[in-house]
Every structure is written in C-alpha cells, then in structure tokens.
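Okay everyone, thanks for coming.

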Amino acid sequence: MSQENVARIAEEQNKDNLIAIWGISDIQPLIIGAITINKGDCFGFSGALANKELGLKSYHVLEPEIIAAIPQTIYAQEIMFIELSKDPSKLQMIFEIMRALRDSATLDKLMSKIENHDESSGPLMNEILKSVNPKFALPK
Amino acid sequence: MTEYAVIKNWSYVLVHTPEFVRYGSKPMRELAKNPALEKEINSHLRPYELVLDYLPNQVFIGNAHPKQLRTLSLPWLHHSLANPTRWGRFGEIMPQEEFYALLKMASDETSSDRDLIWLEEKFIQEIVLPAINNHPFLQNTDEKTKIGQGKSIKQINQKITDSKSLPLFYQKNLIGCFHRGHEEDESLQPHILLENMSTKASAVLALKHMLKRADISPLDIDLIISCSEEAVGERYQRGGGNLARAIGDMTGCKNAITFDVKAFCAGPLYAIFVADSIVARGQFKKIAVVGGGSLAKLGMKFQGHLGKNMPILDDIIGALAFLITKDDGASPVLRTDMLGTHPIGIGNNLQKIYESIILNPLKKHGLKITDVDYFATQLENPEITVPIGQKDIPLENSRPIAVLAFQQGEINKTQINDFIRERCIQGFAPIQGHIPAGVPYIGHGIEDIISRCKKRIMIIAKGSPFLSRTTDLADSISLVIEQNPTNKGGAQNA
Amino acid sequence: MLKGKKIIIFGDGGEIGVESLKRWLEAADAEVVLGRQDCFS
C-alpha cells in the first residue's frame with residue numbers, strides 16, 4: 001500500500017534531505033497527500049501513516065522553484081507545454097496551497113482545524129481550502 | 001462519390017439506473033467497508049423526472065445543442081427546462097422499471113444456462129408490463145414472453161440466501177435478484193454478469209433506435225462491431241469478447257457477422273476506424289458500431305456528491321450506435337486518411353501527443369488548427385466533477401489544443417480562452433469511459449456540418465491502457481469529419 | 001535547489017507521470033528514492 005512504502009523509505013532516509021514532489025493536479029488528493037506525508041494520516045485511511053508524523057515537505061513539480069532547478073532544454077521540450085496547458089488561475093491556487101502547507105505555523109493551525117472539525121459545519125476539504133485563502137472555497 | 005465512408009446515422013440513449021448505483025465499482029467497495037452508507041446513498045438518488053429535466057442529458061439525446069451549455073453557468077442542476085421529454089431526436093432516456101424489462105429480455109428464462117435474473121411477480125404485472133406497454137421497441141411478443149410470470153418474494157429471498165444472488169431493488173423494495181452463472185468461475189459471478197448484461201441491454205436499445213432513425217431493417221446490417229467497456233468471458237478467457245454477437249442476436253440482425261474492438265475509452269473511435277476500412281473493401285455495406293453502457297462506473301464520484309449534499313450524478317448509463325456506410329453523396333465524410341495517431345514511440349509526452357494526433361495530420365493535408373470548426377475531446381459533464389473540487393475534464397483536454405494553435409502562431413496567447421470557448425465542445429456526457437470519449441458530439445457535429453455551414457470537426461479520444469498495469473503508456477486517436485465534397489462541388493481541402 | 005536532494009514522487013498517471021517526473025528531477029541532479037503513480041486514497 002502507498003502509505004507503507006512511503007513510511008519505510010522515510011525511515012531509511014535522512015529526513016533533512018528528503019522531500020516529496022507531486023505531479024497530480026487534482027487539488028483534493030494533492031492536499032490530502034501533502035498533509036499526510038507531513039503530519040500523518042488524519043483523513044481516516046487507516047494506513048501505516050496514521051499517527052506517524054514524517055515531517056516531509058511537499059512541492060508541486062510546476063512550482064517556480066522546482067522548475068528553476070530543472071535544465072532549460074527539458075523544460076522547453078517537455079514541461080512548458082504542460083504548464084501552458086494548465087488553467088493559470090488553478091496553477092496559482094496550487095502554488096499558494098503548497099506554500100501554505102510547507103509553512104509550519106499555517107500547517108499547525110490547519111491541523112487543529114482538522115482535528116476539531118465537525119461535518120455539520122460543511123465538508124472538511126472546504127474548511128481547509130478556506131483557511132489557505134477564502135477565495136478557494138468550493139462552489140456552492 | 002468519393003472513396004470515403006460516412007457515419008450515415010447514429011443514436012444516443014441514457015438509462016436511469018439509480019438502484020444499480022450500489023453495484024457500481026466504487027460504491028460496492030465502499031459499502032463493503034461501511035454498510036451504513038447504503039442509507040446515505042439511497043437518500044441522494046435523483047428521481048427520474050429530474051434526470052429528464054437536466055440540460056446535459058437532453059443534449060446527449062439530441063434535444064439541445066452542446067453550445068447551449070456555454071450560455072448557462074454551473075450549477076446546471078438548478079436550471080429547470082421548458083418541456084423536458086424522455087424521447088430525444090437521437091434516442092431516449094429510459095426509466096429504471098423499463099430497463100428491468102430489457103434486462104429480463106436479454107437473459108432467457110427458458111434456458112437454464114441463461115436464467116440469470118428473477119423478477120418478482122407483482123413487480124412484473126403491476127409495474128414493468130404497464131411501463132413498457134407504449135415503448136415502440138419492446139412490443140415484440142417473443143421478447144415479451146421472456147419476461148415470464150416472475151417469482152415469489154419468498155423464492156427470491158431463498159435464492160439470495162442459497163446461491164448468493166445479488167438483490168435487485170425498485171423504489172427501495174426488493175423486487176428481484178441476479179444470479180451467478182457458475183459456482184466457482186470468477187468471471188460468471190452475479191455482479192460481473194449484471195455488468196455484462198447491462199451493457200448488452202443498453203447497446204440493444206441504442207441499436208434499435210439507430211435502425212429506426214435510419215429506417216432500415218435489422219436484416220440489412222451485415223457487420224456489428226461492439227466497442228463497449230466490459231469483459232464478457234469465462235474462467236478460461238476472462239475477456240473472450242464478441243458481445244456484438246449477443247447484441248446482434250437480441251436485435252434480430254440475422255445477416256450480420258460480429259466482433260468486438262477494445263481500446264479502453266478510445267474503443268468507439270477505433271471501432272469507427274475499423275468499420276471505415278472494412279466498408280472501403282466493398283463486401284460489407286452497412287456496419288453498426290455499438291457501445292453499451294458501463295455499470296461499473298455508476299456512483300464513481302458518489303463520495304464527493306454526498307459530501308456536497310448533491311444528488312449522485314453518476315446514476316445513468318449511456319449507450320450509442322453508429323451506422324457506417326460508403327459515401328452516400330450527402331453525409332459528411334470520415335477523413336480516415338487524416339487519422340490522428342499516437343504511435344507507441346511517442347510515449348506520454350503531452351506536446352508530442354497533441355502534435356501527433358492534431359497538428360501533424362492537419363499539416364500533412366495543408367490545413368491549420370483553425371481550419372477545424374469544432375474540437376470534441378473527452379466530454380464528461382463538468383457538473384459531476386467541478387463542484388467536488390475535481391477537474392473539468394473536457395476543458396483540461398481542450399486547453400492543449402489552444403496552446404498548440406498559439407505555438408503555431410495561429411492565435412495570440414490572449415486568445416487561448418476564446419479559442420476554447422468558441423471551438424471546443426463543453427462536456428455533457430456521463431462518466432462512462434468510452435461513451436464520453438469525443439463521440440457524443442458526432443451526431444450534433446454532423447448536423448453542424450450539414451445544416452449549420454460548418455466545414456469540419458475533429459473528434460478526439462484518449463485511452464488509458466496503463467490502467468491495466470500491463471504498460472505505462474497512454475493512447476489517443478483523432479478523426480476529422482468533413483463536409484461531403486459532392487455538396488461543395490469538388491475541392492477536397494480548405 | 002534539487003541538487004543532491006532525495007525525492008519521493010507522486011505521478012498523475014498521465015502527462016506528469018512517474019516516468020516523466022523521475023527523468024526531470026534526475027536531470028536536476030536529484031535522486032528519486034520512491035515513485036508512486038497514485039496518492040493515498
């Protein structure tokens with residue numbers, strides 16, 4: 001299962017030098033994944049990462065700092081087209097979310113929101129999105 | 001007449017199957033872990049009236065043009081229509097009780113091998129038979145006889161207990177069960193057989209509509225190709241195929257030979273391509289390409305819909321049929337000489353894929369991207385995915401086309417959104433794999449060419465062979481359909 | 001920024017799949033230690 005492999009590799013590596021990079025652009029799985037690999041599984045998948053904080057930071061591969069580190073030829077031949085083909089406002093949203101999830105203070109605040117969440121006040125994912133930026137709330 | 005083939009006619013049907021949602025792949029797996037979900041699922045199922053009163057569904061069956069969707073912002077669920085009808089110019093939206101009749105007709109109580117579905121006697125007498133009384137395609141006495149008298153609820157309950165038959169429901173009441181075909185054979189377990197029979201039954205409905213629209217007899221069809229997403233087979237051949245034979249048999253196509261084409265979602269376009277090649281040889285004159293619906297995909301996004309307190313929108317299965325013949329001098333032609341291909345060596349590089357299936361075939365024939373009036377990619381209804389935070393699939397597949405046009409200097413970067421809005425078809429089909437893969441627009445697109453002065457359209461489909469774990473590769477294909485040269489007096493290009 | 005870093009990658013099964021991610025990041029002198037073509041659901 002995904003969680004076991006990730007937990008195992010994380011144990012084997014020096015965590016100071018280990019990061020996660022995501023290619024998926026569906027926002028909800030991205031948020032769930034980035035939080036899980038940092039603070040552990042708090043979404044009820046009952047995997048190996050339940051109650052296990054690996055502390056790994058996540059980036060989306062199209063974030064400017066990652067792109068900047070990739071050789072220009074590869075960018076031009078393979079990545080630029082993909083980047084242009086994404087909705088620019090959605091990309092900005094992804095970048096803002098990933099930055100927020102890398103910030104310890106923001107993430108800690110978010111974790112307490114997740115732990116105290118009551119479904120009657122609306123879906124958890126909507127709460128998370130609104131915390132990062134009120135404009136990110138799901139359409140009604 | 002040219003040497004091209006044409007899609008001379010078509011049909012598109014939807015079947016409302018709310019109480020089969022529990023047997024969709026995702027709901028079935030989640031219900032096994034958490035049976036309490038059943039109540040929540042049941043309370044989020046749409047009534048048939050709301051399935052009719054829904055613009056994307058009316059577009060699918062031909063009663064409204066896809067462009068109308070661009071004039072309405074989401075949510076479309078809240079937009080009530082003037083006079084929504086179950087009968088469409090291209091087909092119909094069938095209610096669940098009639099589908100039970102079709103399923104029963106698709107199996108055969110007189111044969112112990114195929115006695116697969118039992119329906120309760122009162123349900124048959126009081127609901128099913130009256131429901132199909134006026135259906136133009138369900139009046140054949142022989143077929144109606146297959147519905148039989150039904151079984152008692154006691155017999156049904158016993159069968160569920162003894163043989164692990166799948167319970168079947170109507171308005172939350174148990175009204176039947178679906179049996180396995182063999183005690184040990186995994187491929188003949190009830191939920192697999194139910195899936196396969198649903199594909200067969202819905203494909204038959206689509207084929208009957210197509211024959212009616214084309215005003216031809218089933219006996220006129222000489223070849224049937226099924227491009228459905230299922231795996232009919234048995235323990236020694238789990239995907240044996242030739243569902244086309246079962247479909248043709250039930251439809252009365254006694255003169256047809258049959259086989260299946262399988263390519264994940266790209267199946268229908270490949271099947272059309274194969275039919276085109278065969279028609280060119282001259283031996284087969286009227287080829288039916290049919291795609292039945294996919295039960296496995298019911299309720300695929302149900303968790304998201306429950307989370308937003310929306311009705312479960314994956315409550316319908318879709319089916320379609322096309323009639324392929326030689327050039328008839330009037331229908332738009334299939335430019336398979338301009339087929340957009342995605343050879344293995346292209347791999348999964350997005351730019352190379354789009355160049356290969358869109359840019360290169362057009363360029364080779366002296367055409368620009370902007371010489372295509374409309375592009376139809378994966379046409380999944382965005383209302384199923386966007387409100388629950390997932391992507392607008394047609395939009396994501398259309399944007400790279402606009403980017404290509406920009407890279408080729410045909411449009412400015414600022415015109416990318418205009419290009420998408422004006423030339424790329426909005427999504428309206430259920431998430432049924434092969435059904436939304438470009439092909440729902442074919443009927444509308446042919447009419448756009450014949451009656452609305454458009455010159456050419458491009459249908460694009462993507463397949464996902466990587467899902468089978470036998471490869472990492474994706475697949476795609478495109479087909480241009482173009483104004484018949486006979487109609488415009490000669491010149492073939494531009 | 002990626003030079004010498006160890007990376008766990010999650011592909012989207014499509015245009016930004018595991019294969020592509022691995023190639024791009026290795027070109028940036030990073031080491032991919034685990035690749036998943038899905039996420040945690």
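Predicted model: local features only at pLDDT ≥ 70, side-chain atom pairs only at ≥ 80, totals over all residues.

Chain B has 18 helices and 13 strands. If you draw a box around its C-alpha atoms along the principal axes, you get roughly 70 × 50 × 50 Å. Now, why do we say the radius of gyration of chain B agrees with a compact globule? Because a compact globule with 494 residues would have a value near 23 Å, and chain B comes in at 22 Å. As for burial, 53% of those 494 residues in chain B are buried.

Okay, over to chains A and C. How many residues are in contact here? On the chain A side there are 30, and they meet 26 residues of chain C. Looking at which elements of chain A give two or more residues to that side, we have helix H1 (2-12), strand E1 (18-22), helix H2 (27-39), helix H3 (64-69) and helix H4 (72-85). Sort that side of chain A by class and you find 18 nonpolar, 10 polar and 2 charged residues.

Here's a detail to find on screen. Strand E1 of chain A pairs with strand E1 of chain C, residues 6-10, in the parallel sense, over 5 bridges.

Definitions and conventions: Residues numbered from 1 in each chain as written. Chains lettered and ligands numbered in written order. Contact = placed C-beta atoms within 7 Å. Helix = DSSP H or I, 4+ residues; strand = E, 2+ residues; numbered from the N terminus. Nonpolar A, V, L, I, M, F, W, Y, C, P; charged D, E, K, R; others polar. Pairing = 2+ DSSP bridges. Rg over C-alpha atoms; globule rule 2.2 N^0.38 Å. Buried ≥ 20, exposed ≤ 12 C-beta atoms within 10 Å, placed from the backbone.
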